[in-house]
Amino acid sequence: MCNWVRQFLLTTAFWAAVLLVMMSSQPAAAMEKPLPDNMKASIQAIFPKVTRLGEPEQNPPVVPVYQLNELLGYAFRSTDLSNLPGFSGDPIDLLVGIDTQGKFVGVHVLNHHEPIFMHGLGEGPMFDFIYQYTGRSVKERIIVDSRRAASADESSNGTVYIDGVTKATVSVLVINDILLSVALKVARAKLEGFEQAEPSRVRLDLYEALDWQQLHQRDWVRRWSLATEDVEKGLGESLATYPDLEITPVRGEDGRLLFSDLYYAYLNPPSIGQNLLGVDEYTRLMASRKPGEHLLLVASNGPYPYVEEDFRPGTVPTRVGMSQNGLPVDIRDTDFLDDSGFQSAQGPYLEHAHIFRIKEQAGFDPAQPLNLNFNLDVNRNHLIRDQASFSDSYVLPEYLFEKVEVAEVAAPDPLWLRIWKDRVVDISVLMIALVILTGLFIWQHRMTRHSTWFHRFRWGFLLFTLGFVGFYTQGQLSVVNIYTLLLALVDGFDITIFLLDPIIFLLWTYVFISLFLWGRGLFCGWLCPFGVMQELTSKAAKLLKIRQLKIAEQRHQLLQKIKYLVLVVLVGSAFYSLSVAEQLAEIEPFKTAVTMAFVRSWPFVVYTALLLAAGLYIHKFFCRYLCPLGAGLAILGRFSVFKWLQRRKECGAPCKLCKVRCEIDSINRDGSIDYDECVQCLECIVILNNADQCAIELSQQKQRKSRRIAVKQVA
Ligand code: SF4
Ligand code: SF4
């Protein structure tokens, strides 16, 4: 089997094993999330006046919060309402409280894996950021912009600027998007004044005089006669079984015994409401409703009314309810009618009658079919209760409605696109640098012919990598990015997670492609900010004339394997626990040295300083033996198609100059290059392309010169 194929199979087997471990550690299906233990305490902290919590609701999943009987607001988890992942790729789980006016009462962080807040800046700045939402309204446009937040007065046009967090830009933008979207969803579903425009609107200009009979014939006033036999069928027992249902059924027109004789009608269209109530009452009713509210008349005769005896005006009925498209629609008594029943012109007298209202934000569309539901919950004896539900459908003709022209509101750009637009200058500078670097590698032989120029260029590029890519744009790639990628492959790949940081995205894309052209060295030798720090340390060692430690070849080979072991442990741990993996990833000193610029607690600083100090004695000590990212790139780099670094037949034997000059010891005894370790500094190519440096060239020149002298002497 050829070497390339064997490497391909080995590498494929490695990543397949990693994916298998990951998959086996994932739950087979998404499980219902249990409420965290601290949920109640957190709700209490958000709503200090809370005396009781209502029953958790499902649509949307919120917990109503009360002070005695007064509704204070709603508490809900962001992960129940939004699947936007954080920068880590895992969701940020927030407990949010909004009051009945749609103002944020408070936000608590239940769980997150944002690396910068976990192990970098600490959680303090995250909490400070989130605290800014308290008192803000969901109706406001909240924008994260520290510059404007510092200078802007209180918003007058509904736009509010809040402070971001330096070095955690992506994480706070994600939190902002999550908070605004979930709070708006809840407000739209639960609060007045947050409703979306109606899809259909009643044509109030359309009126046709109709009497009761005509309304009934058109089914605009719907009669629903619920027979005792239907009820018994629903309950599965005879009515005689239920002491609560000791009723005297009346015989209906069709000869069946009636349990309840219901009438109901959607009142908003003048052709229905005005004909049923009369002009004055209809006008009074329509004037009393809030804009966008729908009104439904429910009335009945018969032995079993649709409201319980102790039904209080203005409340929500339990026996009767409404649904549309399978979803419940809240109805509440308007208290418009008194207890004296309902008598419509030319219609029957109905003993029980209520007008119920449906809030505009309930999502109810009057042009669509609706269902009236009759719910029975009755005692069979002291121990057993039985339930049954009955439903009747109601549809009005389309011509009673007009479609509402919903003004096309331009959807905001997705978060990743806004970030890319904001960072267009950084992106452009990076792209130019990458194009230049690519050109250098393509024309590396021509470029290395001028060794002084080349060395200057390399150091210039390395300083750019450290200053611009590392410190300024925070573009240090890390093994943590590999976790995110592998987890995304298992959980369902979503490229938007990766687009949230354009610099990291571009660098990874570039590095990934370059791996197949030049191997891992292009990144490690040119684009890794911590790699540059180590080169600087090495340079300092030369200036200070520090003697380099020579590790015996066998031991060196063995030590090199450590980084692969570290990689396997780290990736494996990510599928056991992301938190553990993130802590283990601290073996990379990148966060301390580059992200935090050494402003961090002392153990991290000491660890990083020790690694750099080790680099004074062993060139790029961390890269050689410990770096899991370098190991991962080396594995992928085995697929590189070309071997760009040219060799001469004399390389290795007899000449060993390149091997001696290769600071990272990636030239084998036979002169071949160990591409797993080579950082593509191109030093060996400089030697090869400069006649005044290549020992073979020099010796050949010497021989040629000697021959010329000999020829001259003979002559
Ligand atoms: S081995 Fe690691 S630290 Fe060294 S240059 Fe490569 S990625 Fe950077
Ligand atoms: S000297 Fe040559 S072999 Fe050694 S790291 Fe640089 S490019 Fe690679």
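**A guided reading of the predicted model**

Of the 68 residues in the largest nonpolar core, those that touch the most other members are L507, V511, F523, L527, L570, A574 and C684. A nonpolar core is here a set of buried Ala, Val, Leu, Ile, Met, Phe, Trp, Tyr and Cys residues joined through C-beta atoms within 7 Å. A residue is called buried if 20 or more other C-beta atoms lie within 10 Å of its own, exposed if 12 or fewer, and partly exposed in between, the C-beta atoms being placed from the backbone. Helix α18 (residues 502–518) supplies the largest share of this core, seven residues. Because domain 3 (415–644) and domain 4 (647–715) both give residues to this core, it lies between them. The domain bounds come from an automatic or database domain assignment.

The model is predicted: local features need pLDDT of at least 70, and side-chain atom pairs count only at pLDDT 80 or more, whereas totals for chains, interfaces and linings use all residues. Residues are numbered from 1 along each chain as its sequence is written, while chains are lettered from A and ligands numbered from 1 in the order in which they are written.

Two residues are in contact if their C-beta atoms, placed from the backbone, lie within 7 Å. Apart from this core lies another, of 48 residues, which includes Y74, A75, V107 and V138.

The protein as a whole has 30 helices and 21 strands. These elements are DSSP runs numbered from the N terminus: helices are H or I runs of at least four residues, and strands are E runs of at least two. Buried residues make up 36% of the 715 residues. Among the contacts with a separation of 6 or more, 69% are between residues 24 or more positions apart.

The two ligands may be taken in turn. Ligand 1 is surrounded by C524, C528, F530, G531, F622, C623, C627, L629 and G630; a residue counts as near a molecule if its C-beta atom, placed from the backbone, lies within 6 Å of it. Helices α20 (529–543), α26 (621–625) and α27 (628–637) each give two or more residues to this shell. Its residues divide into seven nonpolar, two polar and no charged. In this division Ala, Val, Leu, Ile, Met, Phe, Trp, Tyr, Cys and Pro count as nonpolar, Asp, Glu, Lys and Arg as charged, and the others, Gly among them, as polar. Around ligand 2 there are 13 residues, of which the closest are C662, C678, C681, E683 and C684. That shell comprises ten nonpolar, two polar and one charged.

Attention now turns to a sheet. Five strands form an open sheet in the order β1-β2-β3-β4-β5, with antiparallel pairing. Two strands pair if DSSP finds at least two bridges between them. At the edges stand β1 (52–53) and β5 (104–111), each of which pairs on one side only. Two bridges join β1 to β2 (residues 63–67), and L53 stands opposite V65 in β2. Between β2 and β3 (residues 70–77) there are five antiparallel bridges; V63 stands opposite A75 in β3, and E70 is the bridge partner of Q67. Strand β3 is mostly covered, with six of its eight residues buried. Five bridges also join β3 to β4 (residues 93–99), where F76 stands opposite V96.

Some backbone features remain. Most residues other than glycine have a negative phi, and most peptide bonds are trans. In the hairpin of β2 and β3, which has two residues between the strands, L68 takes a positive phi near 55 degrees. L682 has a positive phi of about 70 degrees although it is not a glycine; L682 is placed in the loop between α28 and α29 (683–689). L682 is buried, because 25 other C-beta atoms lie within 10 Å. F598 likewise has a positive phi of about 70 degrees, and its place is in the loop between α24 (590–595) and α25 (602–617). F598 is exposed, because 12 other C-beta atoms lie within 10 Å. A cis peptide bond joins N59 and P60, with omega about 0 degrees, and P60 lies in the loop between β1 and β2. The peptide bond from A653 to P654 is cis, with omega near 10 degrees; P654 lies in the loop between α27 and α28 (657–661).
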